[in-house]
Amino acid sequence: MTALDLSSPVAVVGTGTMGQGIAQVALVAGHPVRLYDAVPGRARQAAAAIGARLDRLVEKDRLTGAERDAARARLLPAGSLAELADCALVVEAVLERLEVKQQLFRELEDIVGEDCLLATNTSSLSVTAIGGALRGPGRFVGLHFFNPAPLLPLVEVVSGFATDVTSATRAYETARAWGKTPVACADTPGFIVNRIARPFYAEAFAVYEAQAADPATIDAVLRESGGFRMGAFELTDLIGQDVNESVTRSVWESFFQDVRFTPSLAQRRLVESGRLGRKSGRGWYDYADGAERPEPHTAEKAQAPSYVVVEGDLGPASELLALIREAGIEVREEDEDHGTRLVLPSGGQLVLADGQTSVEFRDVVYFDLALDYRRATRIALSASRDTSAQTLTEATGLFQALGKDVSVIGDVPGMIVARTVARIIDLAHDAVAKGVATEEDVDTAMRLGVNYPLGPFEWSRRLGRGWAYDVLDDLHLRDPSGRYAPSLALYRHAYASEKREGTS
């Protein structure tokens, strides 16, 4: 099954930001495009706005003047749905209400030809439920573009329960012909991106609610240690707190209030107070003119230890040993099997975040996971009240000697990056095991849809097959609510690794 021929008209119903963006994508790809909006005059206004954006593309040398003029000639506002009768594809981008979308497609079904693809750009509703209102749901598919549609490459091609394979394939190939990167996805709450991305926000908010760190510090650790483009607090301010909270709540409710997707009470209070982020002038941060951005907590300069003793394999943090030696600090290695840790001159221990807490051990400082310890510019440390001041000072000085800023946070299991990445990996394994998408499409979706530095399966391979399971298993022991219980898919993944290596 091939993509739609460029001579085939494409219609977009709903001319808000997303509708205009989708129309522009189809138009620039070479299709005749019809615009329809239920509000009189809106389609004509949208056509004018798209024309203005085409002008800007010419100014930026992304289109020639001739290409712009040809595109404008192919763009026609429609005064009624009846004018879409000869279209080969209709994409809706109307209000996110099930009954509104169902009624629209019932009307379209009586207007367009039997071979016309019908598609929804919904981000939160069930494709199956929308298509269930049709006599012929086999031609109905989800085409979930990301905002802004002309710029972001990802398109989730969502098959509802009754979607024909030929319809999904044609939609997939058409999105690819439009220059997008499509990923195939079964109809599941949140699809790929909005399902697997929930822990990125949820764990940051949980650390904040535990009073372990403030938003600026958590954001800085996610960026400067985790390698994420933005922190959870600044990103939700950009998205809009109401929008982000609504998506979280929709996924949670669609999964029958699965505790793994529980919304944040702190974010709910923010929405109730009207602090919606950049668009309202204040969210987690203040965006008023002249408002100062809060700085992350950064430890004062401390004396580095003269040596460290390494016991066991540091696993994902093994790169630290080379950095410590390069900083002129002696590394002594011991063969005794005391676990995985660095021992400081004070006798205190420095341990990679593993889902446990410092209060459970004598004189322990945990350090957080980093995407790349060499390139990381900030490392988070956590300690309990029982951790000696000298041990914390030596741990701080050690990482400062490696050129890192240090943020000391409260004693929370899994810290910030480690618990976030472990949960993302778990949800990714769970989604693939349940037939939502392939590993490759999950990685592609998370890198292109939300700009993650690595896809969940890339991260899983880098960290080791059992790493995420062990972190979550430890977290689950300390919070048996079910939020951190490793999925059966992740358990099988970790166990298969152990069995292959000959361990029990």
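Predicted model: local features only at pLDDT ≥ 70, side-chain atom pairs only at ≥ 80, totals over all residues.

Me: Why does D470 count as partly exposed?

Reply: Its relative accessibility is 43%. Buried means under 20% and exposed means over 50%, with partly exposed in between, so D470 counts as partly exposed.

Me: What makes G41 partly exposed?

Reply: The reasoning goes the same way: G41 has 42% relative accessibility, so it counts as partly exposed, given the limits of 20% and 50%. G41 sits in the loop that runs between strand 2 (33–36) and helix 2 (42–59). From G41 to Q390 the C-alpha distance is 71 Å, and the two are 349 residues apart in sequence.

Me: Which residues of helix 8 and helix 10 meet?

Reply: From helix 8 there are F200, Y201, A204, F205 and Y208, and from helix 10 A232, F233, L235, T236 and I239. Sorted by class, this contact has nine nonpolar residues, one polar and no charged ones.

Me: And what makes helix 9 roughly perpendicular to helix 10?

Reply: Helix 9 (residues 215–224) and helix 10 have axes that cross at roughly 100° and come within 7 Å. That angle falls within 65 to 115 degrees, so helix 9 is roughly perpendicular to helix 10. P215, I218, D219, L222 and R223 of helix 9 make the contact with A232, F233 and E234 of helix 10. Here the classes are five nonpolar, no polar and three charged residues.

Me: How do you know that M415 is buried?

Reply: M415 has a relative accessible area of 1%, and buried means under 20%, so M415 is buried. M415 lies in the loop between strand 15 (405–409) and helix 15, with a positive phi of about 50° although it is not a glycine. M415 is also among the residues that F367 touches, which include L350, Y373 and F399.

Me: Which residues have the most contacts inside the largest nonpolar core?

Reply: They are I192, F367, Y373 and W467, in a core of 113 residues. Helix 15 (residues 417–433) gives the most to this core, with eight residues. A second, separate core has 36 residues, including L35 and V157.

Me: Last one: why does N451 count as partly exposed?

Reply: N451 has 35% relative accessibility, so it counts as partly exposed, since that category lies between 20% and 50%. N451 is in the loop between helix 16 (439–449) and helix 17 (456–463). N451 also has a positive phi, about 60°, although it is not a glycine.

Notes: Residues numbered from 1 in each chain as written. Heavy atoms only, no water. Contact = heavy atoms within 4.5 Å. Helix = DSSP H or I, 4+ residues; strand = E, 2+ residues; numbered from the N terminus. Nonpolar A, V, L, I, M, F, W, Y, C, P; charged D, E, K, R; others polar. Core = buried A, V, L, I, M, F, W, Y, C linked by side-chain atoms within 4.5 Å. Buried < 20%, exposed > 50% of the residue type's maximum accessible area, 1.4 Å probe, protein only. Axes fitted to C-alpha atoms, helices over the stretch in contact; angles between N-to-C directions. Parallel < 35°, antiparallel > 145°, perpendicular 65-115°, else oblique. Lists of a residue's contacts leave out its neighbours within four places in sequence.
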